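Hi there,

Here is the structure I promised to pass on.

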Amino acid sequence: MKRTQIAILASAALLLVSVPAWRRTMATQPDHGVARVSVINGEVSVRRGDTGDLTPAILDAPLLAGDRIMTGAGSRAEVQFDSAHMVRLAPFSEVRIGDLDYHRYDIEVAAG
């Protein structure tokens, strides 16, 4: 065999070995870590987990683990985690966002 043929075969063998490892690594990598406020109707607030600041909710604003979202009287909200998973809040509700892992969302309902 020529050197170029050996090099091509060696590269192909390396590629066949490395692709399954790459797929396993990608499968364990989190795709999320952030939820978003997808619907706001009325008085909706967010308390940031890192600072404790209470601010009005903003449409499409990111929510991180530890954040809380609260609705007032006659208000509603929706938090979207991905295209198929969401939580809807009725009036006088409070939800704490827990872990935002790949295909695993931890939500604590404090009120509502």
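Predicted model: local features only at pLDDT ≥ 70, side-chain atom pairs only at ≥ 80, totals over all residues.

The mean pLDDT of the protein chain is 77, with 71% of the residues at 70 or more. The stretch to treat separately is residues 14-32, where pLDDT stays under 50 and the model has eight contacts beyond four places in sequence.

**Overall layout**

The protein chain has one helix and nine strands. Of the 112 residues, 27% count as buried. The accessible surface is about 7500 Å², and carbon and sulfur atoms hold 58% of that. Among contacts with a separation of 6 or more, 46% are between residues 24 or more positions apart.

**How the strands pair**

Four strands make an open sheet with antiparallel pairing, in the order β4-β1-β6-β7. Its edges are β4 (62-63) and β7 (86-89), each of which pairs on one side only. Within this sheet, β1 (residues 35-41) and β6 (residues 76-80) run antiparallel and are joined by five bridges; Ile-40 has Ala-77 in β6 as its bridge partner.

Three bridges pair β2 with β3 (residues 54-56) in the antiparallel sense, and Arg-47 stands opposite Leu-54 in β3. β2 also runs antiparallel to β5 (residues 68-71), with four bridges between them, and here Val-46 faces Ile-69 in β5.

Then there is the pair β8 (residues 94-101) and β9 (residues 104-111), antiparallel over six bridges. Asp-101 stands opposite Arg-104 in β9. The hairpin of β8 and β9 has two residues between the strands, and His-103 takes a positive phi near 60 degrees.

In soluble globular proteins, nonpolar side chains tend to be buried together. In this model, the largest nonpolar core has 16 residues, and Leu-63, Ile-69, Val-79, Phe-81, Leu-89 and Ile-97 have the most contacts inside it. At least two core residues come from each of β1, β2, β6, β7 and β8, and β8 gives the most, with three.

Leaving aside neighbours within four places in sequence, Val-79 is in contact with the core residues Leu-63, Ile-69, Leu-89 and Ile-97.

**One aromatic pair**

Searching the whole structure gives one aromatic pair. Why does the pair of Phe-81 and Tyr-105 count as stacked? The ring centres of Phe-81 and Tyr-105 are 5.0 Å apart and the planes meet at 25 degrees, so the pair is stacked; the cut-off for stacking is planes under 30 degrees apart. The pair links distant parts of the chain, since Phe-81 sits in the loop between β6 and β7 and Tyr-105 in strand β9, 24 residues apart. Both Phe-81 and Tyr-105 are buried.

Terms used. Residues numbered from 1 in each chain as written. Heavy atoms only, no water. Pairing = 2+ DSSP bridges. Buried < 20%, exposed > 50% of the residue type's maximum accessible area, 1.4 Å probe, protein only. Contact = heavy atoms within 4.5 Å. Areas by Shrake-Rupley, 256 points an atom, 1.4 Å probe, with all protein chains shown as cover. pLDDT = per-residue confidence, 0-100. Core = buried A, V, L, I, M, F, W, Y, C linked by side-chain atoms within 4.5 Å. Phe/Tyr/Trp six-rings, centres within 6.5 Å; stacked < 30°, edge-to-face > 60°.
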